[in-house]
Each structure stands twice: as C-alpha cells, then as structure tokens.
Amino acid sequence: MKVNSLKQLYVEELKDVYDAENQIVKALPKLIKVASTPKLREALESHLEQTKGHVQRLEQIFEGLGETAKAKKCDGLRGILEEGEKVISDGEKGPVLDAGLIAGAQRVEHYEMAAYGSLKTWAGQLGDDRAVRLLEETLNEEKAADKKLTEIATSGVNAEASHAEGKKMRANA
C-alpha cells in the first residue's frame with residue numbers, strides 16, 4: 001500500500017511500534033533471567049510491566065482511530081533484539097554480560113523514544129489530543145527507563161565489568 005497521507009503514515013507507524021512493544025514483552029523475560037545484578041533485574045521487571053501498559057495504550061489509540069490493533073512486522077527492533085540474543089548466547093553470567101544487557105536495552109529504548117516522539121508529533125498534527133497524552137506518557141516512561149539503565153551502568157555494573165576483566169587478564173598472564 002502506498003502511504004500518501006500523514007494519517008496513513010501515523011497508522012502504519014502505530015502498527016510498527018505495536019509489533020515492537022509485543023516483541024519486547026516476549027524478550028524481556030529472557031534478559032531478566034540472565035541478569036545477575038539485582039538492580040538491573042528489578043529495572044527490567046518493572047519495565048516489562050510498563051511495556052505491557054504501552055501495548056494497552058496503543059490499543060486505546062487504535063480504538064480511538066476506529067482501527068483494529070494490528071501489528072506490522074518491525075524489522076528494526078527485531079534486528080536490535082537479535083543482537084541482544086547474541087550477547088546473551090556469547091556471554092557468561094556476571095557483570096560483563098549485565099553491561100552488555102544494559103547497552104542492548106538502551107538501544108531498544110532509544111529506538112522506542114524516536115518512534116514515540118514522531119508518533120506524538122503526528123498525533124498532535126492530526127488533532128488527536130487523547131493520543132498525544134497517551135504517547136507522551138509512554139515516551140516519558142521510555143526516557144525514564146533509559147535514565148535508570150544509565151544509572152545502573154554508571155553506579156556499579158560497568159566498574160564491576162571492568163574489574164572482572166582485569167582479574168581475568170591477570171589470571172591469564
């Protein structure tokens with residue numbers, strides 16, 4: 001289908017992010033399972049619950065548009081999640097893996113922030129004030145999740161990963 005109006009573009013991108021959020025709901029339990037840092041595990045668990053809420057908000061927006069909540073394959077996020085799967089399969093449980101999990105999760109957050117920022121702008125342009133509020137709420141949660149991940153990384157995980165690497169290098173010397 002050729003997209004030739006802002007509303008069509010908006011709906012197509014809603015479908016894309018709807019798929020992305022559903023992919024994230026499926027992926028987060030794997031990250032939670034392998035995370036060894038309690039604060040990281042808690043942050044991921046909390047964000048899983050938020051992400052379920054993001055899916056519900058998107059369904060409300062579709063309903064408000066008179067559209068069926070339908071996913072369109074989100075290849076961009078699929079690629080980011082596949083990279084994350086590789087980090088998990090190649091990693092050893094501990095701070096180095098946790099640092100990799102945080103980096104991957106932040107890639108996801110930044111992808112979502114870009115998507116929700118555009119969607120919010122378009123909803124405003126189209127006069128859908130209810131959707132603007134819902135999208136802004138989700139965007140703010142994505143920003144907060146990114147900030148929390150940064151705090152976890154900089155308050156210990158990265159230093160622990162660096163320390164673990166130093167110990168490994170000394171052991172191999």
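This is a predicted model: local features need pLDDT of at least 70, side-chain atom pairs count only at pLDDT 80 or more; totals for chains, interfaces and linings use all residues.
Helix H2 covers residues 38–65, a run of 28 residues. From its first C-alpha to its last, H2 reaches 41 Å, close to the 40 Å expected at 1.5 Å a residue. Gly 66 follows H2 and has a positive phi, near 75 degrees.

Helix H4 spans residues 95–125. The 31 residues of H4 should span 45 Å at 1.5 Å a residue, and this agrees with its end C-alpha atoms, which are 45 Å apart. Just after H4 comes Gly 127, with a positive phi of about 80 degrees.

## Helix H3 against helix H4

Two packed helices are described by the angle between their axes and the distance between the axes. For helix H3 (residues 75–90) and H4, the axes come within 10 Å and cross at roughly 175 degrees. Because angles over 145 degrees count as roughly antiparallel, H3 is roughly antiparallel to H4.

On the H3 side, the contact is formed by Gly 76, Leu 77, Ile 80, Leu 81, Glu 83, Val 87 and Ile 88. These residues meet Leu 97, Gly 100, Leu 101, Gly 104, Arg 107, Val 108 and Tyr 111 in H4. By class, the residues of this contact divide into nine nonpolar, three polar and two charged.

## Helix H3 against helix H1

The axes of H1 and H3 also come within 10 Å, but they cross at roughly 10 degrees. Because angles under 35 degrees count as roughly parallel, H1 is roughly parallel to H3.

Here H1 contributes Asp 19, Ala 20, Gln 23, Ile 24, Ala 27, Lys 30, Leu 31 and Val 34. Their partners in H3 are Leu 77, Arg 78, Leu 81, Glu 85 and Ile 88. The contact of H1 with H3 has eight nonpolar, one polar and four charged residues.

## The largest pocket

The largest pocket holds about 470 Å³ of space. Its lining is made up of 32 residues, and those nearest the centre of the pocket are Leu 28, Leu 31, Leu 81, Ala 105 and Val 108. Two or more lining residues come from each of helix H1 (6–34), H2, H3, H4 and helix H5 (129–172).

Helix H3 gives the most to this lining, with eight residues. By class, the lining of the largest pocket comprises 16 nonpolar, seven polar and nine charged residues.

Terms used. Residues are numbered from 1 along each chain as its sequence is written. Side-chain values use heavy atoms; hydrogens and water are left out. Helices (H or I, at least four residues) and strands (E, at least two) are DSSP runs, numbered from the N terminus. The expected span of a helix is 1.5 Å times one less than its number of residues. Axes are lines fitted to C-alpha atoms, for helices over the stretch in contact, and angles run from 0 to 180 degrees between N-to-C directions. Angles under 35 degrees count as roughly parallel, over 145 as roughly antiparallel, 65 to 115 as roughly perpendicular and the rest as oblique. Contact means heavy atoms within 4.5 Å. Ala, Val, Leu, Ile, Met, Phe, Trp, Tyr, Cys and Pro count as nonpolar, Asp, Glu, Lys and Arg as charged, and the others, Gly among them, as polar. On a 1 Å grid over the protein atoms alone, a cavity is a set of points where a 1.4 Å probe fits but cannot get out, and a pocket is an open set with protein on both sides within 12 Å along at least five of seven lines; lining residues have an atom within 4 Å of a point. Grid points are joined across faces, edges and corners, and a volume is the space filled by probe spheres set on the points.
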